[in-house]
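My entries follow the order in which I looked.

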Amino acid sequence: MLAPLAAVVIFLVTILFAFVYLRLQEISREQEAIHRDVEYTQQRLRIRLLEQQEQLMRFAREMAGREISIDDFLKRAEAFANLFPEIQSLTWIDDSYSVKASFDPNEVVVRSSRISSLVRRDAEDTASSFRLARDVLMPIYSSPHQLDNGSTEVQLHLPLIDKTRFKGDLLVKYSVDAMYRYGVPNEITSKYAVSLLDADAKVLAGTALTEKSLTRNVFPWANPINAYQLPVSPVGNGLDIRGQAYRTSLGVIGSALFWLVMVLSAITAWLLVANWRHTRRRIQAQDALIRETAFRRAMENSMLTGMRALDMQGRITYVNKAFCQMTGWKESELVGQTAPFPYWPAEDFDMLTSRLKEEISGRIQPSGVQFRVKRKDGDIFEARLYVSPLIDAFGEQAGWMTSMTDITEPTRVREQLAASHERFTAVLEALDASISVAPLGNNELLFANKLYRLWFGTEAQGHLQLVAEAGVPSLTHSDETQDAVDAFAGLPTNQLSEKEAESAEIYLGSLGRWLEVRTRYMSWVDGRLAQMVIATDITARRMAEEQAEVQAERAQASSRLITMGEMASSVAHELNQPLTAINNYCNGMVSRIKSSQITQDELLGALEKTGRQAHRAGQIIQRIRSFVKRSEPNRTIANVSTMVAEAVELAEIELRRRNVKLTQYVAPNLPHVMVDPILIEQVLLNLLKNAAESIDTAQKPTALRLVKLRVAPALVDDKQVIEFKVSDSGQGIAPEVMARLYEAFYSTKSEGMGIGLSLCRSIVESHLGRMKAENLYNGEVVIGCCFTFWIPHPDPLAASASLQSEQPGFQVSP
């Protein structure tokens with residue numbers, strides 16, 4: 001049998017070798033032609049691009065050599081776009097990487113006012129090419145990249161050089177599709193599938209043969225491939241041109257004689273091989289049947305579920321290994337048995353006999369039945385039985401197939417879960433907080449503990465009232481009784497349930513209590529999206545907080561009165577100056593009027609000066625009165641510059657008395673802040689007064705008696721804040737004092753009460769800010785102290801209300 005087959009094979013091999021030789025000669029001729037045409041097309045593209053590059057470089061040299069206006073640039077750019085349709089846009093970029101002007105024939109003209117939108121689209125590629133052109137001072141082509149509209153472009157960066165100085169960049173964007181349309185000759189595209197490719201062989205423009213037609217099989221003539229690819233110079237950077245030849249002739253494969261010989265040879269070979277394959281298939285089928293039988297048997301023996309088959313009369317016809325292991329009986333002891341079976345407990349015979357009749361009659365529920373099974377050693381375990389019809393190969397029912405599962409462990413776990421549920425429910429019932437759970441969208445109450453039922457009863461109205469009072473937005477009510485589908489089906493409930501709980505404090509008039517209400521979303525046991533509300537009675541805590549606020553308010557008012565008391569001599573000295581001037585003006589006017597030596601103009605001028613001094617004295621008194629006046633806490637949007645100015649106005653009285661000079665800097669355009677202005681002024685006044693006292697105590701010379709106040713924005717812990725910094729040239733703070741600096745009723749001054757700095761820090765922290773103190777050093781010598789506190793910015797809406805008219809500057813007052 002092998003000799004005829006060998007002869008046919010030798011004949012076929014000879015024919016195939018002859019065909020391969022002829023076909024390879026034909027492919028070689030086609031390859032030479034496509035190489036010549038693709039190189040010609042690449043040369044045309046190269047010459048066209050070099051011609052355009054030369055004209056654009058002359059334009060770039062003209063832009064660098066003399067200053068041209070944007071209008072001139074746009075006119076020249078429009079001329080280039082009309083002359084060379086490949087050009088998609090021209091952009092003028094200066095040396096700081098800012099676009100001065102851009103022209104796009106397909107869009108509007110863009111001037112420098114829209115810089116960001118032009119550059120941002122291809123920021124990374126454009127920026128890297130810009131830097132490369134700036135470094136090498138030569139024209140740079142970028143790699144092709146695809147735009148949002150699906151088109152592809154190539155960027156040409158021409159540096160603007162004036163006597164070796166880089167002045168910018170002329171960015172020219174070429175459309176790859178237009179380069180293909182205007183650069184590839186029609187006679188080439190009619191013969192070949194010409195395409196422009198990127199570095200990843202992705203087609204950017206042109207046509208390409210499908211992947212299926214390019215797939216080469218075992219034989220070289222099956223799907224001929226005649227393709228040639230070259231990089232497009234001077235672009236480079238991954239832009240290649242590829243030509244693929246169309247199959248236009250039948251070649252050797254079209255020979256009728258060849259196909260006749262091939263068909264006859266194939267028939268002969270097939271007849272010889274068919275008999276051998278038939279015998280081989282029979283042996284393979286027998287082996288497969290043996291393997292399949294062994295596999296099925298191994299699979300049945302490896303199952304953990306017991307399998308049992310009954311015929312139509314209720315006789316056991318099959319049991320698997322797992323069934324025998326569960327019951328302890330061997331397969332030979334069970335097969336052929338009828339009811340009562342050996343694994344039935346004697347006390348359950350009647351019930352199991354009734355179940356067997358239901359099983360044979362097909363009345364067992366698909367969810368299965370639960371019953372007790374007795375092992376051979378007498379042990380009893382719980383099992384669940386599932387029954388289904390046993391259909392033979394002809395589609396007829398031959399009996400019943402039963403699967404049995406040991407559910408002893410699941411039953412034990414279920415009982416433990418029930419006990420755990422009882423314990424958990426007992427804990428929830430004993431909590432001193434009201435807990436309720438209700439689904440979103442209806443008035444059903446899923447769970448409520450004892451305290452909730454005591455406060456609100458068994459209805460969901462209390463739950464909804466707590467949610468509404470806490471400010472949680474209510475959802476549209478849906479009548480789920482009309483629809484079997486949950487109204488919130490499909491929502492990402494896992495993300496909602498993982499969200500942190502929301503908390504709010506409310507006063508419930510119906511209970512006469514303050515409650516802290518915490519809400520969070522959760523997935524209920526049936527998969528519905530639900531909301532849990534925990535309400536804790538905080539009435540006692542709120543009463544304590546209100547009393548603490550009253551005490552803090554009294555302490556703040558007392559501190560202001562103490563501050564004014566400590567500054568009484570300075571205030572008296574400050575008021576004495578305008579009052580003395582008023583007295584002098586009045587005595588002078590009286591004397592000159594009596595001697596008739598004063599004119600009306602002189603009298604008018606003296607009265608105006610007297611009025612100004614009286615107004616000055618009134619302002620000092622009014623400022624002190626508004627500062628020490630006790631009022632309710634009033635947080636509002638306040639101007640930082642105004643607060644600083646009013647605090648400095650009071651502090652300067654003490655500073656002048658102690659011969660201390662104040663240097664202040666307030667940054668311009670500071671945003672408004674949400675504070676109590678009087679309290680912030682109180683902090684500033686205390687710090688400035690303490691600074692002046694520290695300098696006076698240190699007995700510094702006049703040139704060194706200096707206090708600096710700086711108010712400016714800062715960044716603390718990634719938060720935008722307004723920072724207030726007061727530094728002095730005093731004797732600093734001792735280490736033992738620094739450790740107790742903010743301790744209440746601790747003071748280093750004999751007449752001090754020790755509540756000033758403690759109260760200042762409390763005020764700052766009540767505004768969500770922080771306060772710190774540190775010594776200033778010159779080498780290892782302490783040259784003063786610096787107190788710093790900051791308060792956070794308000795929200796963006798409040799920040800947008802900052803004053804635009806404020807101007808920066810330093811002010812020095814004696």
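**Entry 1: a sheet and its helix**

I noted that the open sheet is built from four strands in the order β9-β8-β11-β10, and that their pairing is antiparallel. The model is a predicted one, which I keep in mind throughout. I then looked at the edges, where β9 (203-206) and β10 (227-231) each have a single partner strand, so one side of each is left without a neighbour in the sheet. From one strand to the next, I found a twist that averages 25°.

I next followed β10 to its partner β11 (residues 240-245), and I counted five bridges between these antiparallel strands. In one of the pairs that I checked, Tyr 228 has Gly 243 in β11 as its bridge partner. I also saw that helix α5 (residues 176-183) packs on the sheet, where it touches β8 (192-197) and β9, and that its direction makes about 35° with that of β9.

**Entry 2: two packed helices**

I reminded myself that two packed helices are described by the angle between their axes and the distance between the axes. For α19 (residues 640-657) and α20 (residues 677-698), I wrote down an angle of about 30° and axes 9 Å apart. Angles under 35 degrees count as roughly parallel, and α19 and α20 are therefore roughly parallel to each other. Their crossing is right-handed.

Which residues meet there? I listed, among them, Met 643, Val 644 and Leu 650 in α19, and Ile 680, Leu 684 and Leu 688 in α20. The residues of this contact divide into 13 nonpolar, no polar and four charged.

Conventions. Residues numbered from 1 in each chain as written. Predicted model: local features only at pLDDT ≥ 70, side-chain atom pairs only at ≥ 80, totals over all residues. Heavy atoms only, no water. Axes fitted to C-alpha atoms, helices over the stretch in contact; angles between N-to-C directions. Helix = DSSP H or I, 4+ residues; strand = E, 2+ residues; numbered from the N terminus. Parallel < 35°, antiparallel > 145°, perpendicular 65-115°, else oblique. Left-handed = near helix turned anticlockwise from the far one by under 90°. Contact = heavy atoms within 4.5 Å. Nonpolar A, V, L, I, M, F, W, Y, C, P; charged D, E, K, R; others polar. Pairing = 2+ DSSP bridges.
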